[in-house]
Amino acid sequence: MLRVSKVTLSYGAEPVLEGASLKVEKGQFTSLVGPSGSGKSSLLRVIMGLQRPEAGIIDLSAGREEVGILFQDDALLPWRTARENVALGLRARGTPKTKAGQEATSWLWRMGLAGFEERYPRELSGGQRKRVALAQVLALRPSLLLMDEPFASLDAIVRHRITQDLLRWVEHEKLTVLLVTHDLEEALVLSDTVYLLSQGPRASVRECYHVPIPRPRDLVQARAHPAFASLLGRLWQDLSDEVGEQHAATVQPLRREA
Ligand SMILES: Nc1ncnc2c1ncn2[C@@H]1O[C@H](COP(=O)(O)OP(=O)(O)OP(=O)(O)O)[C@@H](O)[C@H]1O
Ligand SMILES: [Mg+2]
């Protein structure tokens, strides 16, 4: 579905990525984790075509219009109701008004928002807004779903529930997903494959982990699977090595003035 080959990116004189490569197979859930500031969001922007790399190839088998995007900040229009927000994308695709409204309603129901269709974003909780945003993107039946820390702003329980629902949808619809997250546990329970980006500057993919937990998964059971603990241990170790190396290289001991 997506192949990223040897992407190199700088912002002006500041190098960010160098030779970063990964691939996302059709019907698979892939995550990208790595130290803060290593270039995860930047790589996602390159994939979306919003950022031009100096070198490298993005090979996307779907058209850009078939790519769904979900970010930490939801992009709901405040002056439109939940239903109208979900219908907007469908309307933009040429779905007639009545049908777009009906489909929007049914997606909101699937996201657990029956009864909230006519509410404006300000009348919804953060979790509910996130569900509307998820309904909005899923309603377009994306061939590839790109997400950057989509649930980072939610509290633990709400986050757990919405992640469980996302998992169910992903498995039911066999969605192809690339998720950027700094949450290693979230990456492991959701993914078939996890990529670890090295510490920048000049970050590249350091490691690729296959997650052999069977599907359909349940978040709690997936965490209890023996592969989960061993992979989490490896990921933590590899991530700490990355951050540790950089830390040692940049942090100077404080000099005591006489
Ligand atoms: N538009 C920009 N202009 C200049 N520098 C940028 C820009 N966007 C990001 N950077 C820099 O590029 C580096 C990578 O940033 P990026 O946001 O891709 O990291 P990240 O891995 O997503 O981090 P986090 O986990 O904190 O979200 C950082 O050093 C950041 O300061
Ligand atoms: Mg980021």
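The model is a predicted one, where local features need pLDDT of at least 70 and side-chain atom pairs count only at pLDDT 80 or more, while totals for chains, interfaces and linings use all residues. Residues are numbered from 1 along each chain as its sequence is written, and chains are lettered from A and ligands numbered from 1 in the order in which they are written.

V7 sits in strand β1 (helices are DSSP runs of H or I with at least four residues, strands are runs of E with at least two, and both are numbered from the N terminus). Setting aside neighbours within four places in sequence, V7 touches L17, A20, L43, V46, P53 and G56 (contact means C-beta atoms, placed from the backbone, within 7 Å). A133 is 126 residues away from V7 in sequence, and the two C-alpha atoms are 30 Å apart.

A133 is one of the buried residues of α4. Helix α4 covers residues 126–138, and 11 of its 13 residues are buried. The cover over those buried residues includes β5 (67–70), α2, α3, β6 (144–148) and α5 (156–173).

On to how α2 packs. The axes of α2 and α4 come within 8 Å and cross at roughly 25° (axes are lines fitted to C-alpha atoms, for helices over the stretch in contact, with angles from 0 to 180 degrees between N-to-C directions). That makes α2 roughly parallel to α4 (under 35 degrees is roughly parallel, over 145 roughly antiparallel, 65 to 115 roughly perpendicular, and the rest oblique). The α2 side of this contact is A82, N85, V86 and G89, and the α4 side is V132, A135 and Q136. By class, these residues are four nonpolar, three polar and no charged (Ala, Val, Leu, Ile, Met, Phe, Trp, Tyr, Cys and Pro are nonpolar, Asp, Glu, Lys and Arg charged, and the others, Gly among them, polar).

Helix α2 (residues 82–92) also meets α3 (residues 97–110), with axes that come within 8 Å and cross at roughly 125°, and the two are therefore oblique to each other. From α2, the residues involved are A82, R83, V86, A87, L90 and R91, and from α3 they are K97, A100, G101, E103, A104, T105, W107 and L108. This contact has eight nonpolar, two polar and four charged residues.

Most residues other than glycine have a negative phi, and most peptide bonds are trans. K6, in strand β1, is not a glycine and yet has a positive phi of about 50°. With 14 C-beta neighbours inside 10 Å, K6 counts as partly exposed. E149, in the loop between β6 and α5, likewise has a positive phi, of about 45°, and is partly exposed with 18 other C-beta atoms within 10 Å. As for cis peptide bonds, one runs from G200 to P201, with omega near -5°, and P201 lies in the loop between β8 (193–197) and β9 (205–210). Another joins R215 and P216, with omega about 0°, and P216 belongs to the loop between β9 and α7 (219–224).

How values were computed
Two residues are in contact if their C-beta atoms, placed from the backbone, lie within 7 Å. The expected span of a helix is 1.5 Å times one less than its number of residues. A residue is buried if 20 or more other C-beta atoms lie within 10 Å of its own, exposed if 12 or fewer, and partly exposed in between; C-beta atoms are placed from the backbone.
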